[in-house]
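The sequence and structure are shown first.

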Amino acid sequence: MSIDSGDWGNPLKKRRFLRHPAQVVVAAFAAADLVGTLLLALPVARSGDGSAPLITALFTATSAVCVTGLTTVDTGTYWSSFGQWG
């Protein structure tokens with residue numbers, strides 16, 4: 001009696017993590033959102049003292065990825081040149 005190992009036993013067969021194009025789109029959106037949030041959370045991204053709250057950075061990054069233009073802060077005064085560019 002043999003146990004069917006499927007593709008696990010064949011090292012030459014590659015398994016793809018993202019199997020459907022929609023998964024690629026969602027993964028790319030999430031990656032861009034995460035990178036944008038991390039960049040906006042840096043102290044250099046804010047024109048004032050300290051760093052931006054995580055929720056503000058997340059909302060602004062998501063709005064930038066979606067190209068909606070919504071923001072909870074005034075972009076020209078709240079973000080530094082680095083924050084406006086990133």
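## Overall architecture

From the N terminus on, the order of elements in the protein is α-α-α-α. The model is a predicted one, and its secondary structure consists of 4 helices and 0 strands.

Of the 86 residues in the protein, 19% are buried. Among contacts in the protein with a separation of 6 or more, 46% are made by residues 24 or more positions apart.

## The nonpolar core and its aromatic pair

The largest nonpolar core has 8 residues in all: Leu-40, Ala-45, Ala-52, Ala-57, Ala-61, Val-73, Tyr-78 and Trp-79. In soluble globular proteins, nonpolar side chains tend to be buried together.

Two members of this core, Tyr-78 and Trp-79, also form an aromatic pair, and the structure holds 1 such pair. The geometry of Tyr-78 and Trp-79 is edge-to-face, with 4.9 Å centre to centre and 85° between the planes. Tyr-78 counts as buried because its relative accessible area of 16% is under 20%. Trp-79 is likewise buried, at 2% relative accessibility.

Which residues does Val-73 touch, not counting residues up to four places away in sequence? They are Thr-56, Tyr-78 and Trp-79. Thr-56 belongs to helix α2, which spans residues 54-66, and is buried at 12% relative accessibility.

With neighbours within four places in sequence left aside, Thr-56 is in contact with Thr-72, Val-73, Tyr-78 and Trp-79.

Ser-63 is another residue of helix α2, and at 7% relative accessibility it counts as buried. Beyond residues up to four places away in sequence, Ser-63 touches Thr-68, Gly-69 and Leu-70. The side chains of Ser-63 and Thr-68 are joined by a polar contact of 2.8 Å. A polar atom of the Ser-63 side chain also lies 3.4 Å from the backbone nitrogen of Gly-69.

Leu-70 is located in the loop between α2 and α3, the latter covering residues 75-78. Is Leu-70 buried or exposed? Leu-70 is exposed, because its relative accessible area of 54% is over 50%. Residues up to four places away in sequence not being counted, Leu-70 touches Phe-59 and Ser-63. The C-alpha atoms of Leu-70 and Thr-60 are 7.4 Å apart in space, and the two residues are separated by 10 residues in sequence.

Thr-62 is partly exposed, with a relative accessible area of 23%, whereas Ser-63 is buried at 7%.

Leaving aside neighbours within four places in sequence, Thr-62 is in contact with Phe-29 and Asp-33. A polar contact of 2.8 Å links the side chains of Thr-62 and Asp-33. Thr-62 and Ala-32 are 30 residues apart in sequence, while the distance from C-alpha to C-alpha is 8.5 Å.

How values were computed
Residues numbered from 1 in each chain as written. Predicted model: local features only at pLDDT ≥ 70, side-chain atom pairs only at ≥ 80, totals over all residues. Heavy atoms only, no water. Helix = DSSP H or I, 4+ residues; strand = E, 2+ residues; numbered from the N terminus. Buried < 20%, exposed > 50% of the residue type's maximum accessible area, 1.4 Å probe, protein only. Contact = heavy atoms within 4.5 Å. Phe/Tyr/Trp six-rings, centres within 6.5 Å; stacked < 30°, edge-to-face > 60°. Core = buried A, V, L, I, M, F, W, Y, C linked by side-chain atoms within 4.5 Å. Polar contact = N/O pair within 3.5 Å; in protein donor to acceptor, adjacent residues only side chain to side chain.
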